[in-house]
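Here is a short tour of one protein model. Keep the sequence and the 3D view open while you read.

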Amino acid sequence: MQDLYLRLAPSFLVLLELLLLTAAAALIFFSSRNNSSRLQPPVFLSLERAFAHLARRKLLCVLLVGLSVIALRVALIPILGIPQPRFNDEFSYLLAADTFAHGRLTNPTHPMWIHFESFHIIQQPTYMSMYPPAQGMILAAGQLLGHPWIGQVLVTALMCSALCWMLQGWLPASWALLGAALAVLRLGILSYWMNTYWSASVAALGGALILGAWPRLRKHLHIHDAVLMGLGLVILANSRPYEGLLFSLPVAAVMLLWLSGNRRPTFHLTLTRVVTPLFVVLAIGALATGYYYFRVTGSPIRLAYQVNRDTYAIAPYFIWQTPRPEPPYHHAAMRDFYRAALIEFETNRTFTGYLRRGAAKFVDWWQFYLGPLLTLPFLAFPSVLRQKKMRLPVMICAAMLVGFAIQTWTLPHYFSPAVGALYILLVQCLRQLSHWRLAGRPIGPALVRVIPMLACAMILLRVSAAAIHIRIEPAWPRGNLERASILRQLQQRPGLQLVIVRYGPHPDPTLDWVYNEANIDAAKVVWARDMGKDDHQNDDNQELLRYFKDRRVWQVNADASPPRLESYETAQ
């Protein structure tokens, strides 16, 4: 039984959702055969009328959607806790957040930088995250409010509100509110967008602003809609530039067709209400972004990402590119990480490897965004595909898939700019599904009703399991709890601390411990890689120990189970 559980654990939630959906669908079909009136119980009709009445108050709905995300996740803190960073990307974003929170755009290279090298950050020409600044700015806002995770909570709530506002521009009010509610349940409470420090919600926010502004701009030609569209583009450029470009190309094509078509607005209106405000926002964004990179890399057109890849990476980002020569590495852990990435790249370039990796990407994407529950509405997708109004969201999703097909690596949140387009299609499919009939009996409304009900049921099941400590998914809170525990111990000790981190022969490259604050010298705890005796009996730790001679020195073996803090002198 234990072996069976271990095999099923990664997909347990998906299987559970599928089981509940199958049972609900069978009950609907059985009820429709015996008495179709059971499919329209008065209590549901009353709730739907109240829901429709609320949906007509559009601004209130936008506010309530965001506030519900905040209220629900904060209420669950006693059960789910507050996440800790685990993955390399999260620590990189938190470095940017700490930098911005202290009023700086970047940090000077530390004299002992070789000891602090780690993944997804740059040490030269400055010390900074390799990622664009938007995610770090969100977490910095949270840090200024008391904790970086507050920024993650707020931006996820804002994203869900923006999705509600966006859907109101495309669909009837009650359907827009239903789609926003599904986004709250799927993305806003228990997903890794909320419970990590990846800050994926910020790119989804940018995409939602663009897609929400487009139908309003076309209908009313209001300047503020052009400003919101420009703001969305700036957010994408500073959060996920490549995916933002994929998203923006179909939008640009549709806008050009509109401005050159038979129903185009006059040149004066186009210039004053669309082109000028959009240009001003994009120009300000471009200048600010260029200045940021000038401070970080020395060039307004050279991204920190490029500096990092040129310094460390062997495998290229796109599958048609040629691997780079291996650079000299100061640490075995980093060498092994980038060599493993090269092996993965080479495997992906084989026919079978490409198909296997593509299937894995799709399964990860499907499990995160849809699962069995939100796949059901897409049975109506063929009819939606024929609708002219749905061409833009279809084009956006198609462009994203094509762009991902040529990438070496893809994670579910890479799709985040297009989550608004996906939800437009999802809700339109729900509308089509609501008209389905079986042997003349209306089963569509019942199928639509069951989807949010089961989404709520899955939330309740997961929270209940966490509350009574039944493991149906990874434990809460999420993150590297061992590192966080040791960090808390050291922060409670008097004086300044230095931790030398050692690894075994086969470390987990996604579970690195050597990440530091923006101002390393002022940090209470400093983490450094072990550069002790090598094959020539050189001990490069000594220069670090001399530099930090006023600190208490510790050693931790990050691969031990559990990792244990030891005095550095005792461990030698």
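**The sheet**

Strand S5 (residues 497-502) and strand S6 run parallel and are joined by five bridges. This is a predicted model, in which local features need pLDDT of at least 70 and side-chain atom pairs count only at pLDDT 80 or more, while totals for chains, interfaces and linings use all residues. Residues are numbered from 1 along each chain as its sequence is written, and side-chain values use heavy atoms, with hydrogens and water left out.

Helices (H or I, at least four residues) and strands (E, at least two) are DSSP runs, numbered from the N terminus. Two strands pair if DSSP finds at least two bridges between them.

Look at some of the partners. Trp527 in S6 is the bridge partner of Val499. Ile500 stands opposite Ala528 in S6. S5 is also joined to strand S7 (residues 552-557), by six bridges, and these two strands run parallel. In S7, Val553 is the partner of Leu498, and Trp554 is the partner of Val499.

In what order do the four strands of the open sheet stand? The order is S6-S5-S7-S8, and the pairing is mixed. S6 and strand S8 (565-567) are at the edges with a single partner strand each, so one side of each has no neighbour in the sheet. On average, neighbouring strands of this sheet are turned by 30 degrees against each other, direction ignored. Helix H22 (residues 481-492) packs on the sheet and touches S5, S6, S7 and S8. The direction of H22 makes about 130 degrees with that of S6. Contact here means heavy atoms within 4.5 Å.

Are the residues of S6 (residues 525-529) buried or exposed? Five of the five are buried, so S6 is largely enclosed by the rest of the structure. Buried means under 20% relative accessible area, exposed over 50%, and partly exposed in between (1.4 Å probe, protein chains only). In a regular strand, side chains alternate between the two faces of the sheet. In S6, Val525, Trp527 and Arg529 point one way, and Val526 and Ala528 the other way. S5 is largely enclosed too, because five of its six residues are buried.

**Two helix pairs**

Axes are lines fitted to C-alpha atoms, for helices over the stretch in contact, and angles run from 0 to 180 degrees between N-to-C directions. Angles under 35 degrees count as roughly parallel, over 145 as roughly antiparallel, 65 to 115 as roughly perpendicular and the rest as oblique.

Take helix H10 (residues 201-220) and helix H11 (residues 223-237). Their axes come within 8 Å and cross at roughly 155 degrees. H10 and H11 are therefore roughly antiparallel. Their crossing is left-handed: the near helix is turned anticlockwise from the far one by less than a right angle (right-handed if clockwise). Among the residues that meet are Leu205, Leu209 and Trp214 in H10 and Leu228, Met229 and Leu236 in H11. By class, this contact of H10 with H11 has 15 nonpolar, three polar and two charged residues. Ala, Val, Leu, Ile, Met, Phe, Trp, Tyr, Cys and Pro count as nonpolar, Asp, Glu, Lys and Arg as charged, and the others, Gly among them, as polar.

Now take helix H19 (residues 391-405) and helix H20 (residues 419-433). They pack at about 130 degrees, with their axes 9 Å apart. That angle makes H19 oblique to H20. H19 also passes H20 in a left-handed crossing. Pro393, Val394, Ile396 and Cys397 of H19 make the contact with Ala421, Leu422, Ile424 and Leu425 of H20. This contact has eight nonpolar, no polar and no charged residues.

**Single residues**

Glu243 sits in helix H12 (residues 241-260). Glu243 counts as buried, because its relative accessibility is 2%. Leaving out residues up to four places away in sequence, Glu243 touches Tyr317, Met400, Phe404, Gln407, Tyr414 and Pro417.

Most residues other than glycine have a negative phi, and most peptide bonds are trans.

Ser199 lies in the loop between helix H9 (173-187) and H10. His469 lies in the loop between H21 and H22. Pro477 is in the loop between helix H21 (444-467) and H22. The peptide bond from Trp476 to Pro477 is cis, with omega near -10 degrees. Another cis peptide bond joins Ser561 and Pro562, with omega about 0 degrees. Pro562 lies in the loop between S7 and S8.
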